[in-house]
Amino acid sequence: MTMDTNKKLAVFIASAIVLAVLPFVVGSTLGNSWVRTIDFALLYVMLALGLNIVVGFAGLLDLGFIAFYAVGAYSFALLGSPHFDIHLPFYISIPLGAGLAAMFGLLLGTPVLKLKGDYLAIVTLGFGEIIRIFMNNLNAPVNITNGPQGINLIDPIQVGGVSLGKAIEVFGFNLNPVHMYYYVFLFLTVVVVIMVYRLQHSRIGRAWVAMREDSIAAAAMGLNIRNIKLLAFALGALSGGVAGGLFATFQGFISPESFGLLESIMILAMVVLGGMGHIPGVILGAVVLTIAPEILRDVIGPLQMKAFGKMLVDPENARMLLFGVAMVVMMLVRPEGMWPSKRRAAEFKDAKKG
Amino acid sequence: MSEVLLKIEGINKRFGGLHALSNVSLHINKGEIYGLIGPNGAGKTTMFNVLTGLYTPDEGSFTFDGCDLFRAPPHVVVKSGIARTFQNIRLFHEMTALENVMVGRHIRSRANALGAVLRNKATRDEEAAIEAKAWELLRYVGIEDVAHERAKNLSYGHQRRLEIARALATEPKLLALDEPAAGMNPSETESLKALMEKIRDGGVTVLLIEHDVKLMMGLCDRIAVLDYGKKIAEGVPEVVRKDPKVIEAYLGVAHE
């Protein structure tokens, strides 16, 4: 707000350039597996922003958010793989998956309208598990999801006859799938960011905050609590569904394993650790929590070899341990998140004083 | 006789074995300041919650400005033109004063999620109109200088006024105030009284619950008295204050 227009424009152009060249810089210095990690970071940004609508804006604790990711992913997979031999183009199956996820959002929202806090958390947790278990078992009597084996050979995105699933050469540049998907993900992430930003600063966003702060007063001001709650669930799920579709086509393979409770908790941690309700904070949370474990993975093994000459702790276990410790410390030292909104930072400051 | 705005007949509300309201009937006329008094626990706030849709009455009828509002949910009640404040102020504490009033405009605006995302001209115009109206109301109640303060940081008197501004933002025909003068000093009460008269003169009917009997007698056009969930008197203040049943309810009866 305090920045003048020129400065804002400069920041905008600089970040646009950085984002545009990022996959090539990272790819040539750190290798393409890191570009892949960045692609995943973008998917998690979309997921975290979707969950942030429900948890951050509307104040409804949702522990089953991964269900909408699963719905989006399975919609895409079933509409674009040899499993049913349907091959719809991505510009149809992604919106379809997102719409279906939004409908599942309503399906979850309707029975929990009267619940809040712990009770809501338990029901949403159950919902997330139900979806996963359905995906796991819908292979008999009619094989819909192919059960625990998952769905393989999911179509890559095709843009104008070019498949993003194979490397191509453009003007001497070698474009890998991870590079091409990066731009697709980046584009949709920007769309999601604009969507949630505009929602937050609108009549709807104000209604969510009012409901979060005092739902009785909000009802007495004429807000239709039922509708705004359902809208939050549906719009959050929509964004989760988009991310799910992208995940399916990017991986080429999905199975129920990818949609467990741990994933839901991870996304919630991104929202809370980043700064609940604050869009830049949530983006930061998603990026850090996607990339930090990968860095730890690369560092822990070699470090042990150097220090002790042998592996004392399995790097995978050590990684999760360190990660857990970091989260505990973070919540103790900075409970408002890494990058909270001014309003929330002030709230926590007041609470500390009081 | 002036025109009847709100008409409830034979309202009953029970909480388990407690008969909080029994057969209460009220008529509020357009353009008056109508007072509801009674000792603690008489059912005043219950009546209020019934009138604003927060409680659903068990029996009776409830019509307002030609609409049947019996058992209507709060947002329908607000839409038909009844707005309220709360006895123990319920603002949106972390929002600014301006944003609080803007929430009050929700029911009188229509931008949906798609409009918000596309931010088309109609939505932008509406948003600007919401903000302009909110400023106007803050000025109307005299707190525009704290528009960007968070509600919880406002002084008590300002919070009361903000709650009134927020209620007025819904464009009510009837403004229901639950003990607006509670905890105020005499000069604050006096200026609040002036504000209520200003609101009434602006064409909004006012329903008032208050403990301060002196304030009520000087301000209200008509008064109803509740005791143990029953209406024991109704009429102009001069008559009500001399009613033996009212005196008994407030002072107790002398035993021989």
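Predicted model: local features only at pLDDT ≥ 70, side-chain atom pairs only at ≥ 80, totals over all residues.
## Where the two chains meet

Let's start with the place where chain A touches chain B. Chain A brings 24 residues to this contact, and chain B brings 27. On the chain A side, the elements that supply two or more residues are helix H6 (177-200), H7, helix H8 (215-220), H9 and helix H13 (342-353). H7(A) gives the most, with seven residues.

What kinds of residues make up the side of chain A that touches chain B? They divide into 14 nonpolar, three polar and seven charged.

## Helix packing in chain A

Helix H7 also has a partner inside its own chain. H7 (residues 203-213) and helix H9 (residues 225-251) of chain A cross at roughly 110°, and their axes come within 10 Å. That makes H7(A) roughly perpendicular to H9(A). From H7(A), the contact uses A:Ile204, A:Ala207, A:Trp208 and A:Met211, while H9(A) answers with A:Ile225, A:Ile228, A:Leu231 and A:Ala232. By class, this contact has eight nonpolar residues, no polar ones and no charged ones.

H9(A) packs with helix H4 (residues 90-109) of chain A too; here the angle is about 140° and the axes are 7 Å apart. The crossing of H4(A) and H9(A) is right-handed. The residues in this contact divide into 15 nonpolar, 10 polar and one charged.

## Two domains in chain B

Over to chain B, which is split into domain 1 (1-81 + 172-256) and domain 2 (88-171). Taken over C-alpha atoms, the centres of the two domains of chain B are 26 Å apart. Where they touch, domain 1 of chain B puts in 10 residues and domain 2 of chain B puts in nine.

On the domain 1 side of that contact, helix H2 (74-80) and helix H7 (186-201) of chain B are the elements that give two or more residues. H2(B) gives the most to this side, with three residues. By class, the domain 1 side has six nonpolar, two polar and two charged residues.

## The four-stranded sheet in chain B

One open sheet in chain B has four strands in the order S2-S1-S4-S5, with antiparallel pairing. Strand S2 (18-29) and strand S5 (67-68) of chain B stand at the edges, each with a single partner strand, so one side of each has no neighbour in the sheet.

Further in, strand S1 (residues 4-15) and strand S4 (residues 59-64) of chain B pair in the antiparallel sense over five bridges. Take B:Lys7: the residue opposite it in S4(B) is B:Thr63. Helix H1 (residues 44-51) of chain B packs on this sheet, touching S1 and S2 of chain B, and its direction makes about 65° with that of S2(B).

## The six-stranded sheet in chain B

Another open sheet in chain B has six strands, ordered S6-S7-S8-S3-S9-S10, and its pairing is mixed. Which strands sit at the edges? Strand S6 (82-84) and strand S10 (230-235) of chain B do, each pairing on one side only. Ignoring direction, neighbouring strands of this sheet are turned by 20° against each other on average.

Strand S3 (residues 33-37) and strand S9 (residues 222-227) of chain B pair in the parallel sense over four bridges. There, B:Tyr34 has B:Arg222 as its bridge partner in S9(B). H1(B) packs on this sheet, touching S3, S6, strand S7 (174-178), strand S8 (205-209) and S9 of chain B, and its direction makes about 150° with that of S7(B). H7(B) packs on the sheet as well, touching S3, S7 and S8 of chain B, with its direction at about 145° to that of S8(B).

Note on methods. Residues numbered from 1 in each chain as written. Chains lettered and ligands numbered in written order. Domains from an automatic or database assignment. Contact = placed C-beta atoms within 7 Å. Nonpolar A, V, L, I, M, F, W, Y, C, P; charged D, E, K, R; others polar. Pairing = 2+ DSSP bridges. Axes fitted to C-alpha atoms, helices over the stretch in contact; angles between N-to-C directions. Parallel < 35°, antiparallel > 145°, perpendicular 65-115°, else oblique. Left-handed = near helix turned anticlockwise from the far one by under 90°.
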